[in-house]
Amino acid sequence: MSSPDPQVRAARNPSTPAAVRGPVVAVTGAATGVGALLTERLAASGEIKQVIAIDERRGECADAQWHILDVRDPAIADKLRGADVVVHLALDLDLETDPAARTAYNVRGTQTVLTAAAAAGVHRVVLCTSAMVYGALPDNELPLAEDAELRATAEATGVGDLLEIERLARRAPRAHPGLNVTVVRPAVLVGGTDTALTRYFESPRLLVVVGSRPAWQFCHVEDLCSALECAVLEQVDGELAVGCDGWLEQEEVEELSGIRRMELPSAVALGAAARLHRIGLTPSPAGDLAYTMYPWVVSGSRLHDAGWRPAWTNEEVLAELLEEAAGRHTVAGRRLGRKDATAAGAAGATVALLGAAAVVRRARKARRRI
């Protein structure tokens with residue numbers, strides 16, 4: 001009598017490696033950043049049956065099934081057939097991207113993925129936004145619960161896009177019955193990332209607005225990936241906040257980093273930042289400053305209740321961020337070359353902010369001469 005088919009044997013013996021009964025997971029934005037890390041993690045997991053990787057170029061994970069296309073292409077629905085879960089990480093939050101183009105990509109891409117997932121019979125979509133959607137406000141509780149009101153405005157880099165993605169996430173289950181949507185909101189993300197908040201630590205001085213109450217909470221990309229995996233495996237769902245346990249006060253950040261502060265009145269700091277951004281000298285709008293002024297720390301209670309714990313502490317993530325920032329020089333959110341940074345010196349941030357009015361006047365005079 002012939003031996004049973006290998007798949008039959010695997011089904012009878014769940015301990016057999018071939019007997020992977022987990023979900024088929026599709027990851028968008030799989031070639032770079034968090035998407036690449038998550039793709040590798042899921043492909044190596046014994047709880048995942050298969051990984052479908054989608055991006056505009058092929059990534060390095062050889063164990064994934066790759067599809068090369070733009071997430072705004074409706075043809076993505078065909079690539080998602082057979083997937084149980086989609087993790088949508090194809091977002092553009094680059095500080096240098098044209099804001100209108102960034103919004104068009106982020107919002108249209110999310111709309112297309114949600115619609116395509118429903119059409120392909122996918123039962124769960126995991127979206128990743130940011131804890132920034134809660135807003136940085138002086139009366140925020142420490143920490144914020146996941147179900148706290150989203151009080152952010154569209155004044156900071158990319159936050160308007162993230163709020164629109166949150167709105168799409170809430171609408172999707174009503175528009176597509178049977179489709180579940182989980183939203184993961186990380187704190188300040190660190191680990192190969194470049195944001196206005198990570199650039200804050202590349203400055204010669206840490207800007208502190210007089211009368212503000214900063215509280216710093218970080219999230220390492222490895223912890224974000226492990227939280228996303230929990231959502232993929234349906235160990236937790238709904239709206240999830242993820243970050244290190246607790247937070248660091250501004251004084252602790254300064255002591256750990258060895259970077260001294262520079263205090264400015266709110267009107268001076270915000271006004272200068274707005275003018276510098278308006279004339280195109282800095283990529284960060286004034287709204288980004290709020291996230292360095294007021295707390296937006298999250299509890300992460302839903303993940304904790306599911307048994308998840310961060311592998312990194314705030315102190316450890318800050319140390320990695322400072323190591324990544326070594327050799328980079330940023331003034332008022334703008335990266336400087338080595339020569340510019342040497343010329344700017346330790347007083348560069350003060351000059352950039354307090355000299356904003358003079359810069360604006362010079363720019364206006366130059367335009368008149370053209």
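Me: Where is Pro143 found in this model?

Reply: Happy to start there. In this predicted model, Pro143 is found in the loop between strand S5 (124-128) and helix H5 (159-175).

Me: What makes Phe201 and Trp216 an aromatic pair, and which kind of pair is it?

Reply: Two rings pair if their centres lie within 6.5 Å, and these two are 5.0 Å apart, centre to centre. For the kind, look at the planes: an angle over 60 degrees counts as edge-to-face. The angle here is 70°, so Phe201 and Trp216 are edge-to-face. A search of the whole structure finds 6 aromatic pairs, this one among them.

Me: Why can that pair be said to tie together separate parts of the chain?

Reply: Phe201 lies in the loop between helix H6 (196-199) and strand S8 (206-209), while Trp216 is in strand S9 (residues 215-216), so the pair joins parts that are 15 residues apart in sequence. Ring pairs also link Phe201 and Trp216 with Tyr200 and Phe218 into a cluster.

Me: How do you know whether Phe201 and Trp216 are buried or exposed?

Reply: The cut-off for buried is under 20% relative accessible area. Phe201 has 3%, so Phe201 counts as buried. Trp216 has 1%, so Trp216 is buried too.

Me: Which residues touch the most other members of the largest nonpolar core?

Reply: That core has 38 residues, and the ones touching the most other members are Phe201, Trp216, Phe218, Tyr291 and Trp296. Elements giving two or more residues to this core include strand S7 (188-190), strand S13 (261-264) and helix H9 (266-278). The largest share, 4 residues, comes from S8. Apart from this core lies another, of 35 residues, among them Val87, Leu89, Ala227 and Trp308. As background, nonpolar side chains tend to be buried together in soluble globular proteins.

Me: What is Asn106 in contact with, beyond its neighbours within four places in sequence?

Reply: Asn106 is in contact with Leu91, Asp92, Leu93, Asp161 and Ile165. Asn106 sits in helix H4 (residues 99-119). With a relative accessible area of 1%, against a cut-off of 20%, Asn106 is buried.

Me: Why is Glu234 called partly exposed?

Reply: Partly exposed covers the range between the buried cut-off of 20% and the exposed cut-off of 50%. Glu234 has 43%, so Glu234 belongs in that range. Glu234 is found in the loop between helix H7 (221-232) and strand S11 (239-242). Glu234 also has a positive phi of about 60°, although Glu234 is not a glycine.

Me: Where does pLDDT stay under 50?

Reply: pLDDT stays under 50 over residues 1-18 and over residues 338-352. Where pLDDT is low, the predicted coordinates should not be read in detail. The protein chain averages a pLDDT of 88, and 83% of the residues score at least 70.

Notes. Residues are numbered from 1 along each chain as its sequence is written. This is a predicted model: local features need pLDDT of at least 70, side-chain atom pairs count only at pLDDT 80 or more; totals for chains, interfaces and linings use all residues. Side-chain values use heavy atoms; hydrogens and water are left out. Rings of Phe, Tyr and Trp (its six-membered ring) pair if their centres lie within 6.5 Å; planes under 30 degrees apart count as stacked, over 60 as edge-to-face and the rest as tilted. Buried means under 20% relative accessible area, exposed over 50%, partly exposed in between (1.4 Å probe, protein chains only). pLDDT is the predictor's confidence in each residue, from 0 to 100. Contact means heavy atoms within 4.5 Å. A nonpolar core is a set of buried Ala, Val, Leu, Ile, Met, Phe, Trp, Tyr and Cys residues joined through side-chain atoms within 4.5 Å.
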